[in-house]
Structures are given as structure tokens and as C-alpha cells.
Amino acid sequence: MKKFIIISCLMIFCSCSKNNEIYYNVTFKNFDGTILYECKVIENQKAIYQGEIPKKDGDDEFDYKFIGWDQSLLNINSDLITYAQYEIVIKNDWGEIKWF
């Protein structure tokens with residue numbers, strides 16, 4: 001009777017580099033949930049957005065101006081999803097009035 005030896009391999013995937021740095025996923029989303037940019041950031045480092053300036057369409061009464069993100073991008077220590085934030089700019093005959 002022939003005996004068979006079954007060798008199995010277990011592969012564990014993690015977000016680490018050869019020098020034991022830990023990476024986290026950072027996802028930048030627009031107000032509507034659309035993904036604008038994704039990157040990996042080394043633990044305790046700053047996430048840097050490298051996409052186009054986020055936009056939100058206005059209408060006859062309002063425009064929207066991008067002012068930043070809803071969460072801090074400093075000292076990343078977990079996976080992060082952050083959303084674009086906008087200020088409302090009211091259109092009128094006297095010029096722009098910013099309303100936060």
C-alpha cells in the first residue's frame with residue numbers, strides 16, 4: 001500500500017513590510033461616498049491626499065467650496081475612511097457670502 005504525504009501551506013497576508021513597518025489603508029471619499037483616492041500609510045505617519053481637488057456641484061442659489069477632510073490625517077494608527085467637507089457659498093447680487 002502506498003502512503004501519501006500531504007503537505008499544506010498556510011499563508012497569512014498582512015499589511016507589513018520587510019522591516020516590520022505596519023501599513024494602514026486610508027480611503028478618501030467625496031460627500032456622496034464616491035472613492036476619490038486610496039493609499040497605504042505607515043503606522044503613525046501622515047496620510048497625504050494626491051487626487052484632484054474634490055468637487056460638489058452647486059445650483060442657482062449655492063456653490064460649494066472644498067475645505068478639508070472630516071478626520072485628522074496625522075498619526076494614522078488604523079484603517080481610515082475620511083469624507084470631503086465643503087462650505088456653502090450663497091450666490092447673490094452683492095457678491096459671495098460664506099456660510100459654514
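This is a predicted model: local features need pLDDT of at least 70, side-chain atom pairs count only at pLDDT 80 or more; totals for chains, interfaces and linings use all residues.
Reader: What about S1 and S4, then: how many bridges join them?

Author: Four, and this time the strands run parallel, with S4 spanning residues 80-90. To find one of these contacts on screen, go to Val26, whose bridge partner in S4 is Leu80.

Reader: Is strand S1 largely enclosed or open, and why?

Author: Check how many of its residues are buried, meaning under 20% relative accessible area. In S1, residues 23-29, five of the seven are buried, so the strand is largely enclosed by the rest of the structure.

Reader: Now charges. How many salt bridges does a search of the whole structure find?

Author: The general idea is that side chains of opposite charge can pair when their charged atoms come close. Here the search turns up one salt bridge. Lys91 forms it with Asp63, and their closest N and O atoms are 3.5 Å apart. Lys91 sits in the loop between S4 and S5, while Asp63 belongs to S3, so the pair ties together parts that are 28 residues apart in sequence.

Reader: Are those two residues buried or partly exposed?

Author: Lys91 counts as partly exposed, at 37% relative accessibility. Asp63 is partly exposed too, with a relative accessible area of 30%.

Key:
Residues are numbered from 1 along each chain as its sequence is written. Side-chain values use heavy atoms; hydrogens and water are left out. Buried means under 20% relative accessible area, exposed over 50%, partly exposed in between (1.4 Å probe, protein chains only). Helices (H or I, at least four residues) and strands (E, at least two) are DSSP runs, numbered from the N terminus. Two strands pair if DSSP finds at least two bridges between them. A salt bridge is a side-chain nitrogen of Lys or Arg within 4 Å of a carboxyl oxygen of Asp or Glu.
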